[in-house]
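Biologist: I have a structure open and would like to go through it piece by piece. Can you take my questions in order?

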Amino acid sequence: MKQLTVISGKGGTGKTSITAAFASIVKNAVLADCDVDAADLHLILKPTVKKTIEFHGLNIAHIDKDTCIDCKKCYESCKFDAIDEGINVIKESCEGCGVCEYVCPVDAVTMEKRDSGFAYISETRFGPMAHAMLKTAEEASGKLVTVVRNNAKQLADEKKKELVIIDGPPGIGCPVIASLTGVDLVLIVTEPTLSAIHDLERILGVANHFGIPAVVCINKYDINVDNTEKIERYCESIDVRVVGNLPYDTIMTDAMVNEKSIVEFSDGNLAERIVEMWSKIKEDLIV
Ligand code: SF4
Ligand code: SF4
């Protein structure tokens, strides 16, 4: 089984639209939405949820007021200001470190599981899908990404699928690393802007650090051809293949609004280029 992660330095680069387009070309992959903070692959793939699994991220402190003797040791020791002077836990600030439990002289503090979100196993018109939802203001998205990836792998084993396509989160933080580790190839979707070039360099640095082969797609390449050439020269200098240059086309948004992948919605130039890009990626994945 091979795994491909589609990633970008920031949101809004077309990463999810491209992932959905691949899903509709391959039709036989397991899909994993690891952008758990802002999941939107489901808007195009319209999954039918088959199984919902509760996700517990960080622990949270619970104070038993009947046992508490109001010594304020926990209040003074909490480095995250997550306990107020009235000895109440401020849920949004608690990092689950357990210091308050450690310092409490009367065992009034216990660490409890926190309801942080849900992981889902679903079916889509292009195959099975693993995805998730993190509750508002909850953290531990890296941990939830790992849950989604494990669910996707399990689905691939059960359904005998040869490929997992992962829609990764933007940036270079912990969730990105969780969505990259152990995959066979990463596709970095970038745009010809100076900030995107900087982001591309940073993500390539992360991929390189973990020894993961990377290829690049330049979306909206025609909005700044000079910068596109800059990206191409940079990629060539470090031996990274540019597998696709996609033109700016409002059809990308139109397809999403109509809850379709680009290749379902259109057989125009953009769709053709994505199909062409997939055939190059396939070579690298040896699917
Ligand atoms: S678990 Fe840590 S962060 Fe949470 S209230 Fe206790 S000391 Fe503060
Ligand atoms: S350390 Fe324990 S006893 Fe002291 S204020 Fe906190 S919860 Fe109450």
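Modeller: Keep in mind that this is a predicted model. Among contacts in the chain between residues at least 6 apart in sequence, 75% join residues at least 24 apart.

Biologist: How many helices and strands does the chain have?

Modeller: There are 11 helices and 11 strands in the chain. Its C-alpha atoms fill a box of roughly 70 × 40 × 35 Å along the principal axes.

Biologist: What percentage of the residues count as buried?

Modeller: The chain has 287 residues, and 44% of them count as buried.

Biologist: On to the sheet. What is the order of the strands?

Modeller: It is an open sheet of nine strands, in the order S3-S6-S7-S2-S8-S1-S9-S10-S11, and the pairing is mixed. S3 and S11 (241-246) stand at the edges with a single partner strand each, so one side of each has no neighbour in the sheet. From one strand to the next, the twist averages 20°.

Biologist: Which way do S6 and S7 pair, parallel or antiparallel?

Modeller: Strand S6 (residues 115-124) and S7 pair in the antiparallel sense, over eight bridges. A hairpin of two residues joins S6 to S7, and Thr-124 stands opposite Gly-127 in S7.

Biologist: And what joins S7 to S2?

Modeller: Two bridges join S2 to S7, and these strands run parallel. Leu-31 stands opposite Met-129 in S7.

Biologist: Is S7 enclosed or left open by the rest of the structure?

Modeller: Strand S7 (residues 127-134) is largely enclosed, because seven of its eight residues are buried.

Biologist: What about S2 and S8, parallel or antiparallel?

Modeller: Strand S2 (residues 30-33) and strand S8 (residues 163-170) pair in the parallel sense over four bridges. In that pair, Asp-33 stands opposite Asp-167 in S8.

Biologist: Now S10. How many of its residues are buried?

Modeller: Six of the six residues of S10 are buried, so the strand is mostly covered.

Biologist: Which residues of S10 are on which side?

Modeller: Ala-214, Val-216 and Ile-218 are on one side, while Val-215, Cys-217 and Asn-219 are on the other. All of these are buried, and both faces of S10 are covered.

Biologist: How many bridges join S9 to S10?

Modeller: Five bridges join S9 to S10, and the two run parallel. Ile-188 stands opposite Val-216 in S10.

Biologist: Let's turn to the helices. Which strands does H1 lie across?

Modeller: Helix H1 (residues 15-26) lies across S1 (2-8), S2, S8, S9 (185-190) and S10 (214-219), and runs at about 170° to S8. Helix H11 (residues 269-285) also packs on the sheet, where it touches S1, S9, S10 and S11. The direction of H11 makes about 165° with that of S11.

Biologist: At what angle do H1 and H11 pack?

Modeller: The angle between H1 and H11 is about 75°, and their axes are 10 Å apart. Angles from 65 to 115 degrees count as roughly perpendicular, so H1 and H11 are roughly perpendicular to each other.

Biologist: Which residues make the contact?

Modeller: H1 contributes Ile-18, Ala-21, Phe-22 and Ile-25, and H11 contributes Ile-274, Val-275 and Trp-278. By class, the contact of H1 with H11 has seven nonpolar residues, no polar and no charged.

Biologist: Change of topic: the ligands. Which residues come nearest to ligand 1?

Modeller: Cys-78, Ala-82, Cys-94, Cys-97 and Cys-100 come nearest, out of 13 residues around ligand 1. The shell has 10 nonpolar, two polar and one charged residues.

Biologist: And which are the closest to ligand 2?

Modeller: Ligand 2 is surrounded by 14 residues, and the closest are Cys-68, Cys-71, Lys-73, Cys-74 and Cys-104. Its shell divides into 11 nonpolar, no polar and three charged residues.

Biologist: Last one: where is Asp-70?

Modeller: Asp-70 is in the loop between strand S4 (60-63) and helix H3 (73-77). Asp-70 has a positive phi of about 60°, although it is not a glycine.

Biologist: Is Asp-70 buried or exposed?

Modeller: Asp-70 is exposed, because it has 10 other C-beta atoms within 10 Å and the cut-off for exposed is 12 or fewer. Lys-46, in the loop between helix H2 (41-45) and strand S3 (48-56), has a positive phi of about 45° and is not a glycine either. Lys-46 counts as exposed with 12 C-beta neighbours inside 10 Å.

Definitions and conventions: Residues numbered from 1 in each chain as written. Chains lettered and ligands numbered in written order. Predicted model: local features only at pLDDT ≥ 70, side-chain atom pairs only at ≥ 80, totals over all residues. Near = placed C-beta within 6 Å. Nonpolar A, V, L, I, M, F, W, Y, C, P; charged D, E, K, R; others polar. Buried ≥ 20, exposed ≤ 12 C-beta atoms within 10 Å, placed from the backbone. Contact = placed C-beta atoms within 7 Å. Pairing = 2+ DSSP bridges. Axes fitted to C-alpha atoms, helices over the stretch in contact; angles between N-to-C directions. Parallel < 35°, antiparallel > 145°, perpendicular 65-115°, else oblique.
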